[in-house]
Amino acid sequence: MGMTTRVRGVWAAAMLAGVLTGSGRADCGADCGGGLSGTPADAFVAERIGLVREWVAQIPFDSARADLEHVVVGDGLVVAQTDDGRVHAFAAAAFDAAAGTRPGAAAIGTLLWSRQFGAAGGPTTPAGIGPRLVTVARDLELFAIDRETGATRWQQRTGRPPGGSVVEIGDWVYEPLSGGGIRRLTFDPLQPTADPSAPVAAQRPKPGAKKGAAKAKADAKPTAESLRPRTFDSAGRVERPVQALGKGLAWTTANGVLVTLQPNETDSDRFEFALNSPAVDAPLTRGNSVFAATTAADLARIDFIAAGTRGLRTGWHVVLDAAPDAGPFLGGDTLVVSLGESGMAAFSAETGSPLWRSPVAGRVLAVTGDRIWIIDRTGRLAGLDLATGERRERLCLGGFSFPVVNAASDRLILASPDGLLVSLAPRRPATPPAAPPPAPRPAAPQPAEPPAAEADAATDT
């Protein structure tokens, strides 16, 4: 829970500035004094509510001249964007904690880089965070940035504003286009790709070569044509970010169609599924499943069947008792949906069975450990029990009034308009649980009792 001297100094200066200006501070009365007191960023308060303050950092920008626009959480990275054209990347915990930290990796909370991309002003979309790139679209320019160093890998003039976040999936970068269509670019124009979804061309058989489909497939190799930009029909305007699904990608359209492209031996197969109404939020993808809530008060799990007759199939479907306005969010097997002023509802991700219904309404920020964290209608941070939906905590956010919605990991990220970031993780046990004691060995079988008649005969003898 400690901080380095440098970070401690930055933190103190930032909080002093917040106290003097009062910018973005919620009026919580006596429950929340100046500075950290009473907010979840206070290490003692975090501990009391089952969280650990992982790191604290200050975004290096002048909040008097620029505004914080977006904070995006990715695997091992948190990216903040300000409207002066700067992008700031901080090291964060990896989603797969069991994998451990790779050697030489920066400590979590470290500012990795802060750079200017494009001119200030103009439309911008939240950054996309991939395994190698951070992708940023500003106005009519697209930047592919090395996620480790902040160096520009490549830059393109797009011709029209993007329709949403640009994301790296596999060996490709996918850019939703305003008005419809998805453009695909290679993640690195100087490095050829062996992605199976790239178009391939069979080589002309050499003299004396064996003929046949198997030989043609063996000779098929990616060509330079496969690295050129390619635009796919999106089946409508893409409103939500493109996401990975199975071995391919998926997206939803403004007219309520779920589309996925899945690689095959030569190019890719396209499958569509009618949701019948638009998704209220970005659908949640996990493995081969998509969880989507729609404006028609439907909640469904759609599965991509990869073997046999491939395609999209309904896993389960439930009708909600109120129109949702956000979600779904996933914690373990519990799928949570916000129903606007009607509160929250939770369902089993495996079966769709209803688990609980809560009248507490608010904007969901994250699911961490056994809590759902929301900003309630009074502007406070409320913690709902993931198992029952009951409200367990209610805290003042203080200056952390910039909402950061994180459906990707189990971290609660707090941000202030003047650029203070705090990462809170669910508390972990200090030591792994003890292994259960070995089961006792079964007793040796006892000889069966002889029948009564035999016993009497033996006695007479």
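**Strand pairing and burial in a predicted chain**

Strand β17 (residues 248-252) and strand β18 (residues 257-263) run antiparallel and are joined by 4 bridges; strands here are DSSP runs of E with at least two residues, helices are runs of H or I with at least four residues, and both are numbered from the N terminus. Two strands are said to pair if DSSP finds at least two bridges between them. The model is predicted, so local features need pLDDT of at least 70 and side-chain atom pairs count only at pLDDT 80 or more, whereas totals for chains, interfaces and linings use all residues. Residues are numbered from 1 along each chain as its sequence is written, and side-chain values use heavy atoms, with hydrogens and water left out.

Strand β20 (residues 284-286) is joined to β21 by 3 bridges, and R286 stands opposite S289 in β21. The hairpin of β20 and β21 has 2 residues between the strands, and G287 takes a positive phi near 65° there. β21 also pairs with strand β22 (residues 298-305), over 5 bridges in the antiparallel sense, with A293 opposite L299 in β22. In this second hairpin 4 residues lie between the strands, and A297 in the turn has a positive phi of about 65°.

Strand β21 is mostly covered, as 5 of its 5 residues are buried; buried means under 20% relative accessible area, exposed over 50%, and partly exposed in between (1.4 Å probe, protein chains only). The cover extends to both faces of β21: S289, F291 and A293 are buried on one side, and V290 and A292 on the other.

T334 lies in strand β25 (residues 334-338) and is buried, with a relative accessible area of 12%. Apart from its neighbours within four places in sequence, T334 is in contact with F329, A346, F347, L355 and L386, where contact means heavy atoms within 4.5 Å.

For the chain as a whole, the secondary structure comes to 4 helices and 33 strands. Of the 461 residues, 48% count as buried. Among contacts with a separation of 6 or more, 46% are between residues 24 or more positions apart.
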